[in-house]
Amino acid sequence: MLIIRPAVTGDLGSVVELAKQAGVGVTSLPPIPERLQGRLEQSEKSFRSRIKPEHAYYLFALEDTEKPGAAGVSAIQARVGLDEVWYNYRVSNCVHASSELGIHQQTSTLYLTNDMTDCSEICTLFLSPSARQGGNGHLLSKARMMFMADHLELFSEKLFAEMRGVSDEQGVSPFWESLGRKFFSLDFPQADFLTGAGSKAFIAELMPKYPIYLPFLSEEARASLAQVHAHTRPALALLSDEGFRYNGLVDIFDGGPVVEVFVSDIRCIRESRKFYVVVSNSLKPDPFESGEALLVSNRRFEDYRATLVHRNQIRDDSLLLTPGQATGLQVMAGDVVRATELKAVQAEEAG
Amino acid sequence: MLSFRPAKVTDLDDIEKLLNAVGQPLSTLPANREALSEKLDQAERSFSGDESLKGQERYLFVLEDLGKKAIIGTSGIDVKAGNGAPFYNYRRDSLFHSSQQLGVHNEVPVLYLSHELSGRPLLRSLCLHPDYRQSDALSLLSRGRFLFFKLHRERFGESVIVEIQGQQDEQGNAPFWDSLGRHFFGLDFRTADYYSGVKSKTFIAEMMPVHPIYEILLTEAAQRAIGCAHPLALYNQRFLESEGFRAGRHIDIFDGGPTLEARIDDIATVRNAREVQIKHTATAMGQPSLVCNTGYQDYRATTTLLAQGLGEVTRLASDVATLLGLEEGDSMLRVSL
C-alpha cells in the first residue's frame, strides 16, 4: 500500500538516491546530501510548527508500507520571492506600426519580472522509475493539493508550477544557448545546478535586465519558448486537467512555461467531499485502475496522510476502509476524511 | 578650375547626373527628383535668409568643374541635426555583469537609442564623382565647409558631428541592419535607407525598438560592423580624423556606421585658416592652398597656389580672384591644402 506522508530527516538516504536518478532539469532536487538534509529539516520544521509562510516548505514522501523510505517526493513552497528574488520572463508583445509605410510588425519580447512573488509553488516532484505505475504520479502530485485544501490559510490564493523546458539528451537547452549562456558564461546543467543548490545571487548579478526582443534569439530557442521537455508532457497534462493554465511567464533559464491556477479552482479540491470513516474488517478491496481510484486525505497537518482507495468504497456520506487503510491514513471510525476522484472524470472520457 | 559654392535650384539636372554617375545611394540626397528638388529649394532658402528656416538652415554646396561645366561633388551642413525633429543614434555603453561567487566578469556592451546629438551641426551629403577621387577635390569639398564655419562661426554650435557610412555588401545589404532594424521595420536596408531620406522621420519613431539592445545578441557579422566604416568611406573617415574628428560613442541606427565628432574651433582647417588681404598677380605660384571669399550667399572657395608668407597681404592669381569675386584689398581666408 502506498501512502503519502510528510518527509522526515530519516528519509535522507532514499531522497539522495532519488536525486541521483532525477538528473539535470529537476532544479529543486540537487543530489547534494547537505542541501537535501537542509530541505528535509526545513520541511520538518514547517510541519512541526506553523512557521511564517515565506519560510514554509512542505516536502511529502511517497512510501510503500512494505518498503520503508521514500519512493518519490513532491513539495509545496508556501511562498516564493519573499526572502530572495524570484525571476521569470514575461512573454509580451511589442507592436511597431507606420501608416505612412503601411507596415505593422509584432515582436515578441521577453520582460524580466518578479510577477510570481508571494505566490505558492508546487515543485520538487520526482517519482522513482520503479514506482511509476497505477496512478502513483497522480497521487504524489495531487496529495499536495489535497493538503492545501484543509490548510488554505497557509498558502497564497494562487498556485503555480514551473515546467521543465526543452533540452536534448546532453542537457543542452536551446533557449539557454541563445540567451543565458551569453550572459552567464556557464553551461545549462551548471547554472541549473547552482540555482538548485541555492545560490541565486548570481542571477541578479549576471542576468540581462532589459527586455529581450525574441527575433535576436536563434530559431531553435524561439521554437522552444514556453514548450515543455518531452518527459514533462505527462506532468503538464496532469496539471492541465486540474485547472492549471500557462500564464505567459517562462523560466529564465530554459524557457519552460509557468502554469498557474487559483487554489479554489483546482479540480481535485473543488470536487472533493468529506466522508465519515467506517472501518470494515470484512471489506476485501477490489484491485483498481487509476481511473477508478479515489484520493483520500486524513485532513491533518503534521500527521498528514493520503492514499488511494477504490471508488466503490463510498457508501453515501461514509467511506469504507480496511483496517490496513485506516492505519495507513492514521484514522479511526468516525473521523472525517476528504476524498476526490484521482483523475478528472471528463479527462478520462476524453482520453 | 574647381569652384565650391552654394547649390541652387537650377543645379537639379547636374546633381541628378552626378548621383547617377556615383551609383551609391545617399540617404540625405535621394535619387528622387521631387525630393531632390525640395532639398535644393531648402538649401537656396537657407542661404537667402528665409525666416522660416532661421537657426535651422540646411546648407548644400556643390563643387563645379568650370572647365567641364559639370557638377562633380556635393556636401552639406545642417545647422541642427534632425532639423527640429529627433536625430536618432545608438549610444554604446557598457554594463559589467559580475559575480564573485562564480568568478564571472563580463563586460556587456549595450546600445541605447539616443537623441542626444539632436540639434548639433551636422556634416552630410558628401558625394564626389568617381573620376575625381584622387584629386584635391575631396579636400575642397569637405574643407570648404570648415572655412564656412570659420567665416560664420556664430551660426553654428560648439561641436559638429558627421555620420560615416557603415558596412554593406555588394548587394546593398547591411549586416547590422539585417540583425537589428530589419526585424522591426520588415524592410531591406536599401528601402529603409531610401525612406529615411524621402519620408518624414515619424516612421523611425514608430518602428524603432525602444528598449536597449544587448550587442551580444546580434549576429557576429552585425557585431563586427558596429562602429565600422564602409570601405569606400574609410578614406573620408581618415581625412576627417586628420582634421581632428574622433569617433564618439554614437553609431548609426540603420547600418551601425560610426559618428565622428569635433569641436569646431579644434578642426585643423578652422584653426589654421588666416584672413588676409589680396593683391593681384598674373600667375599663381607657391604652395597648394585652399582659399575662399568671406561671403555668405555668394560664398566661393577653390584651390590655388599661394606664396608662403606670414604677412597680411597675399598675392592671388587674377583668374582665381575673379572666380571668388574679389578685388584688390578685399579679404579672403587661406589655408594650406
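**Exercise 1.** In which kind of crossing, left-handed or right-handed, does H1(B) pass H2(B)? Describe how the two helices pack.

*Solution.* Keep in mind that this is a predicted model.

Step 1. Find the helices: H1 covers residues 12-22 of chain B, and H2 covers residues 33-47 of chain B.

Step 2. Two packed helices are described by the angle between their axes and the distance between the axes. Here the angle is about 125 degrees and the axes are 10 Å apart. That makes H1(B) oblique to H2(B).

Step 3. Now for the handedness: H1(B) passes H2(B) in a right-handed crossing.

Step 4. Look at who makes the contact. H1(B) contributes Leu12(B), Asp13(B), Ile15(B), Glu16(B) and Leu19(B), while H2(B) contributes Arg33(B), Leu36(B), Ser37(B) and Leu40(B). By type, these residues divide into five nonpolar, one polar and three charged.

**Exercise 2.** Is Thr74(B) buried or exposed? Describe its surroundings.

*Solution.* Step 1. Locate Thr74(B) in strand E3, residues 70-78 of chain B.

Step 2. Its relative accessible area is 0%; buried means under 20%, so Thr74(B) is buried.

Step 3. Setting aside residues up to four places away in sequence, Thr74(B) touches residues including Ile15(B), Leu18(B), Phe61(B) and Ser125(B). A polar atom of the Thr74(B) side chain lies 2.9 Å from the backbone oxygen of Ser125(B).

**Exercise 3.** Where is Ser46(A) found, and which residues is Ser46(A) in contact with, leaving aside neighbours within four places in sequence?

*Solution.* Step 1. Ser46(A) sits in helix H2, residues 33-48 of chain A.

Step 2. With a relative accessible area of 0%, Ser46(A) is buried.

Step 3. Beyond those sequence neighbours, Ser46(A) contacts Ile51(A), His55(A), Ala56(A), Tyr57(A), Tyr58(A) and Phe301(A).

Terms used: Residues numbered from 1 in each chain as written. Chains lettered and ligands numbered in written order. Predicted model: local features only at pLDDT ≥ 70, side-chain atom pairs only at ≥ 80, totals over all residues. Heavy atoms only, no water. Axes fitted to C-alpha atoms, helices over the stretch in contact; angles between N-to-C directions. Helix = DSSP H or I, 4+ residues; strand = E, 2+ residues; numbered from the N terminus. Parallel < 35°, antiparallel > 145°, perpendicular 65-115°, else oblique. Left-handed = near helix turned anticlockwise from the far one by under 90°. Contact = heavy atoms within 4.5 Å. Nonpolar A, V, L, I, M, F, W, Y, C, P; charged D, E, K, R; others polar. Buried < 20%, exposed > 50% of the residue type's maximum accessible area, 1.4 Å probe, protein only. Polar contact = N/O pair within 3.5 Å; in protein donor to acceptor, adjacent residues only side chain to side chain.
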